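Trainee: Please walk me through this structure. I am new to it.

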Amino acid sequence: MHILVVCSANRCRSVMAETLIRHYADHLDQPIFVASAGLHAQRGQPADPMTVRLLQRRGYTPRVQHRSRTLQELMHIEWDCVLVMDEEQRQAVLARYPALGRRVLLLGRDAGPAIEDPYRQGWLACQQTLNHIEPLAQYWVERLTHPQSLAS
């Protein structure tokens, strides 16, 4: 299973989701390859330090050597699922890569609200975003590895 998580800059939200998906997959002993990218990423930027600190405080292991990547850099991989933060991003990914079709999904699921970008919004915003992503990452790992066990 290959999962790509996409946000704007690949410094906060997609780093959180990538870390959490990897964490939950490892704990379920599921063979998932997960990566992240940004629609408007400046290639080579480190993950937001506040994001890394918060993930570590919560007991997760973010890739501290993370460097932002553009979506184009990772499109040589055949993704089973591409998770985005909002409908605008979903449309942008589909406009660039229409062959992905139904594989581009909202991290927040169909009726869920967009995942807010906490970049430069302070510690509380970063915590709120992580709180929003935690159950969603767990849901997607379970859904994608055991689709018959969860309702859509």
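Trainee: Which residues of H4 make the contact with H2?
Mentor: Contact means heavy atoms within 4.5 Å. H2 brings Met50, Thr51, Arg53, Leu54, Leu55 and Arg57. H4 brings Trp123, Cys126, Gln127 and Leu130.

Trainee: What kind of model is this, and how are residues numbered?
Mentor: This is a predicted model: local features need pLDDT of at least 70, side-chain atom pairs count only at pLDDT 80 or more, and totals for chains, interfaces and linings use all residues. Side-chain values use heavy atoms, with hydrogens and water left out, and residues are numbered along each chain as its sequence is written, from 1.

Trainee: At what angle do the axes of H2 and H4 cross?
Mentor: Axes are lines fitted to C-alpha atoms, for helices over the stretch in contact, and angles run from 0 to 180 degrees between N-to-C directions. Under 35 degrees counts as roughly parallel, over 145 as roughly antiparallel, 65 to 115 as roughly perpendicular and the rest as oblique. H2 and H4 are therefore oblique to each other. Their axes come within 10 Å and cross at roughly 55°.

Trainee: How far apart are the axes of H1 and H4?
Mentor: H1 passes H4 in a right-handed crossing. The angle is about 40°, so H1 and H4 are oblique to each other. Their axes lie apart by 9 Å.

Trainee: How many residues of the contact of H1 with H4 are nonpolar?
Mentor: Ala, Val, Leu, Ile, Met, Phe, Trp, Tyr, Cys and Pro count as nonpolar, Asp, Glu, Lys and Arg as charged, and the others, Gly among them, as polar. H1 contributes residues including Met16, Leu20 and Tyr24, and H4 contributes residues including Leu130, Ile133 and Val141. The contact has 2 polar and 2 charged residues, and its nonpolar residues number 11.

Trainee: Why is H1 largely enclosed, and how many of its residues are buried?
Mentor: Buried means under 20% relative accessible area, exposed over 50%, and partly exposed in between, with a 1.4 Å probe on protein chains only. What covers the buried residues of H1 includes strands S1, S2 and S3 and helices H2, H3 and H4. H1 is largely enclosed by the rest of the structure because its buried residues number 12 of the 15.

Trainee: Where is asparagine 10, and is it buried or exposed?
Mentor: Asparagine 10 sits in the loop between S1 and H1. Its phi is positive, near 60°, though it is a residue other than glycine. Its relative accessibility is 0%, so asparagine 10 counts as buried.

Trainee: What is the relative accessible area of aspartate 29?
Mentor: Aspartate 29 lies in the loop between H1 and S2. Its phi is also positive, near 55°. Aspartate 29 is exposed, with a relative accessible area of 66%.

Trainee: Which residues does methionine 75 touch?
Mentor: Methionine 75 is placed in the loop between H2 and S3. Its C-alpha is separated by 9.6 Å from that of leucine 4, 71 residues apart along the chain. Not counting residues up to four places away in sequence, methionine 75 touches Leu4, Tyr97 and Leu100.

Key: Helices (H or I, at least four residues) and strands (E, at least two) are DSSP runs, numbered from the N terminus. A crossing is left-handed if the near helix is turned anticlockwise from the far one by less than a right angle, and right-handed if clockwise.
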